[in-house]
Amino acid sequence: MKQMRRAKQQLSDADALKLLKEGTSGVLALNGEYPYAVPLSYVYEEGAIYFHCAKSGHKLDLLKACARASFCVIGKDQVISEEFTTYFRSVIVFGTVEIIEEEAQLRSALRLLAAKYSPRESEAHLAKEIEGALASVCILKLHVEEMSGKEAVELMRQRTKCAY
């Protein structure tokens, strides 16, 4: 992968991973006749990102033709109008997407998603929702091969000032 042009603004691997774990939505980009980018909820777990979707549709058609993808999460996006800039922090990953078909893996991924987005629900309620979703849901697993994060130079300066 190419070196980041503004390497001073690059987040550490730990900070990029933290942003990825804490984010709630991102944009999955796929190859097609035209580039296709779609916002999705997700969960990160042990080197992979999981998404849920319908069992048919444009995403799946594109993934069957080319499994390579990128995924971007914006963790901070603060417009500073008087400075004509944005204080941002983001992470982008590259990898290949696998369509999960094995039921135990489907259940596991749905449990991860439910734990992230509905952490206060009872086990019984989560189990009922997962059971009801199994017949109609598809799980995509993005195997993270490359990851990099970047932040606005102003945030980088604030962070390095605090470090001394």
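1. Glutamate 131 has a relative accessible area of 45%, so it is partly exposed (buried is under 20%, exposed over 50%, partly exposed in between, with a 1.4 Å probe and protein chains only). Its salt bridge partner is arginine 107, at 2.7 Å, N to O (a side-chain nitrogen of Lys or Arg within 4 Å of a carboxyl oxygen of Asp or Glu). Arginine 107 sits in helix H3 (residues 103-117) and glutamate 131 in helix H4 (residues 123-133), 24 residues apart; helices are DSSP runs of H or I with at least four residues, strands runs of E with at least two, numbered from the N terminus.

2. A note on provenance: this is a predicted model, where local features need pLDDT of at least 70, side-chain atom pairs count only at pLDDT 80 or more, and totals for chains, interfaces and linings use all residues. Residues are numbered from 1 along each chain as its sequence is written, and side-chain values use heavy atoms, leaving out hydrogens and water.

3. Helices H3 and H4 are also linked by arginine 111 and glutamate 123, twelve residues apart. Their closest N and O atoms are 3.0 Å apart in a salt bridge. Arginine 111 is partly exposed at 34% relative accessibility, while glutamate 123 is exposed at 52%.

4. Elsewhere, lysine 18 and glutamate 22 form a salt bridge at 3.1 Å, N to O. Both lie in helix H1 (residues 13-22), four residues apart, so about one helical turn separates them.

5. For the overall picture, the protein has five helices and seven strands, and buried residues make up 34% of its 164 residues.
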